[in-house]
Each structure stands twice: as C-alpha cells, then as structure tokens.
Amino acid sequence: CFEQRTPVEPDERAVAFLQSQIGPEIEAVVGVGGGVINDLTKLLSFQHGIFSLYVCTAPSMDGIATNTSVLTQRGLKFTVATQAPRFIVADLDVLCNAPLRLIRAGIGDVLGKYSALSDWRIAHLITGEPLCENVWHLVEEALQVCVKNIDGCMRREKEAIGRLFESLALIGVAAAYVRVSRPGSGAEHLLGHFFEIYGQVHNRPFLSHGENVGYCSLIVEALRNRLAHEDPSRFAYRFDKAAWEADIRRLFPPLAEEIFRMQNAADTYANRCAAMIAAWQQIQPVLLRTPGVQAIGALLRRAGFDCSEFLDLYGEALIRDGIRHCNDLKVKHTLFQLLADTGLLAEYATQIEL
C-alpha cells in the first residue's frame with residue numbers, strides 16, 4: 001500500500017518503492033484502485049514476467065485493458081509498453097458508489113475520443129502513421145454507447161455504469177490491438193497532461209485526468225472548428241526558437257533541457273507549411289467530421305462539467321500557455337502539431353474565447 005494522503009504519481013519513486021516489495025516468491029500482482037494503480041500494476045507484472053489482476057474501483061479512465069502504462073519519467077509523461085492484466089474485476093455496486101467526480105471523469109475521458117479519432121486519421125494522412133479501420137470504428141462505437149448512457153450514469157444507474165465501464169474497457173482493448181495509445185489519446189490528452197505536469201512542477205492543484213480531458217476536448221474542438229474553416233493562404237511558417245525556449249524555461253524550469261532535447265531530436269518545428277497547404281483538401285473534411293463545440297459542450301454539461309470550474313482553477317493565462325505549449329511535452333502528431341505547422345498556433349491561443 002502507498003501510505004500517503006497525497007495522490008500517488010506513477011514516477012520513479014513509486015516504481016522504486018514497488019520494486020523493493022517484490023521478490024522471486026511473488027507469482028502475480030493484484031492492483032486495487034484507479035488508473036495510476038493500474039499503470040503501476042501492469043508495469044510491475046511486465047518487468048517481472050508474471051501476470052496481473054486489476055480490481056477497478058471507479059469507472060474513471062480508459063487504460064483498464066491496455067498493454068501500456070502512462071508513467072512520469074524525468075518530470076514528463078511517457079507511454080511505455082507493458083502488458084494488459086490477465087484478469088479485470090469490476091463490481092457494479094462498487095462502481096456505482098464511486099465518487100461522482102470519478103464517474104464524470106470516465107465520461108470525460110470517453111468524450112475525448114471525438115478528438116483522438118480525428119487526430120489519428122489526420123496523422124495517418126500526413127505522416128503515413130498506420131490506422132486500423134476496425135479499431136477506429138470499435139472506439140467510435142464505444143463512444144456512442146457512452147453518449148447514450150450519460151444521464152443514467154449521473155443517476156448512478158447500474159446498467160448505465162456498466163455500459164460506461166464496458167466502453168472504457170473496450171477502448172483499452174482497441175489500443176492494445178494496435179499497440180499504441182492512438183485510439184484513445186490525441187490533442188485533448190496533450191492539453192490535459194500540460195495542466196497535470198505544470199501542477200506537479202509548481203505544486204499547484206489540478207483536476208483528475210478524465211476531468212481535464214473532458215474540458216480540454218471542448219477547447220480542442222473550438223480550435224479544430226476554427227481551423228476547419230481557415231483559408232490555407234494564411235498558412236505560413238512562424239516559429240521563433242528563442243521565444244519558444246524562453247517560454248519553456250518559464251513554464252517548466254527543471255524540465256526545459258529535457259524538452260529541448262526531445263523536440264530537437266524529433267525536428268518537431270521544421271518548416272512543413274508547404275506540405276500542409278498541399279494536403280489541405282484531404283485534411284479539411286476530417287476536421288469537419290467532429291460534432292462541433294455546441295454538441296460536445298451539451299454532452300459535457302449533461303455529465304456535470306462546468307467550464308467555470310476549469311477556468312477558475314487554471315486561469316486564462318495558463319490555459320493559453322497550455323494551448324501554445326502542450327505540444328512540447330510529447331512527440332505526437334495531433335491538432336496542435338497541425339496548428340504549429342500552419343503557423344497559426346500562437347494566434348489561435350491568443351484569440352480563442354474561454
């Protein structure tokens with residue numbers, strides 16, 4: 001057990017503690033708790049070549065059945081290959097009595113798939129990243145099941161909570177099929193991770209992962225909708241490396257050099273504007289396929305999301321910083337990379353209505 005009152009972070013310290021508790025006589029690892037416990041359980045079982053059993057205590061996240069873990073390493077979040085649990089146990093009475101915020105977090109995590117699926121298809125078009133149509137549609141179906149059961153989940157109805165749990169688990173299975181987080185994670189996750197990493201670095205409070213994803217999916221949808229109606233003649237390379245480095249040092253002082261190494265190695269901010277213009281007729285229809293700001297906002301409100309909570313906690317300045325710089329915290333092609341490549345990221349961050 002982690003005998004602490006503060007949230008457990010899946011970082012080097014937590015991993016070292018668990019490694020100190022395991023010996024050759026251990027035949028399996030049983031994790032009881034939320035997403036962090038599941039991530040650590042999968043990592044430990046993978047490293048020691050034994051199976052794991054996960055007991056889910058809240059329908060709060062979609063990593064239930066994945067064969068990856070999200071870990072904090074050197075202050076940044078990384079998705080690493082592990083192994084899916086051999087067994088997953090979820091008691092509906094326990095799930096229905098979980099804190100309502102955690103049920104809401106699970107809904108928010110699923111609603112983020114509108115964004116994730118759009119990003120996956122665009123990355124496929126632009127970078128040639130593999131896309132499995134069967135998996136794409138499996139996640140889309142799980143998303144629609146969740147949408148149909150939002151009201152019942154908020155009333156803690158067993159059938160609705162069961163459907164939410166199934167959606168979360170199936171999305172994890174889908175990610176395990178393709179061995180990447182793509183089916184369940186896109187720009188909305190990058191922005192959510194920004195606030196989580198910023199909170200850890202500066203000892204500031206932050207929302208749970210699923211809540212962050214829910215709110216961030218609305219912000220990302222507003223950005224996506226604006227870009228979808230953009231005139232590509234406005235696209236231009238606008239990367240100021242000196243200003244970028246100064247901002248990273250301001251926001252993440254202890255992580256700055258690690259971020260520079262990661263992004264420079266990936267050549268993230270090369271001039272790809274001409275390629276964006278050439279591919280625009282393929283990109284635009286994908287951007288237009290998501291439901292829109294009003295529709296996603298209505299779904300979030302049904303799940304109890306109140307945007308004033310998000311704005312009050314983080315503040316307008318930090319949210320705009322997040323839009324500008326969440327893309328720096330991971331190497332992954334999402335809407336934010338698209339905005340950076342079209343030269344519109346800073347403008348959109350400044351002008352978006354919060």
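Buried means under 20% relative accessible area and exposed over 50%, with partly exposed in between (1.4 Å probe, protein chains only). By that definition C326 is buried, at a relative accessible area of 0%. This is a predicted model, in which local features need pLDDT of at least 70 and side-chain atom pairs count only at pLDDT 80 or more, while totals for chains, interfaces and linings use all residues. Residues are numbered from 1 along each chain as its sequence is written, and side-chain values use heavy atoms, leaving out hydrogens and water.

**Cysteines**
- The structure holds zero disulfides (pairs of cysteine sulfur atoms within 2.5 Å).
- The closest cysteine sulfur to that of C326 is in C216, at 7.9 Å, which is too far for a bond.
- C1 is exposed, with a relative accessible area of 87%, and its sulfur is 17 Å from the closest cysteine sulfur, in C56, also too far for a bond.

**Helix packing**
- α10 (209-228) packs against helix α15 (residues 307-314) at an angle of about 100°, with the axes 10 Å apart.
- The two helices, α10 and α15, are therefore roughly perpendicular (65 to 115 degrees).
- In contact (heavy atoms within 4.5 Å) are N212, Y215, C216, L218 and I219 of α10 with C307, E309, F310 and Y314 of α15.

**H229**
- H229 lies in the loop between α10 (209-228) and α11 (241-251).
- H229 counts as exposed because its relative accessibility is 59%.
- The side chain of H229 reaches the backbone oxygen of N225 at 2.8 Å.
- A distance of 32 Å separates the C-alpha atoms of H229 and L207, which are 22 residues apart along the chain.

Notes:
Helix = DSSP H or I, 4+ residues; strand = E, 2+ residues; numbered from the N terminus. Polar contact = N/O pair within 3.5 Å; in protein donor to acceptor, adjacent residues only side chain to side chain. Axes fitted to C-alpha atoms, helices over the stretch in contact; angles between N-to-C directions. Parallel < 35°, antiparallel > 145°, perpendicular 65-115°, else oblique.
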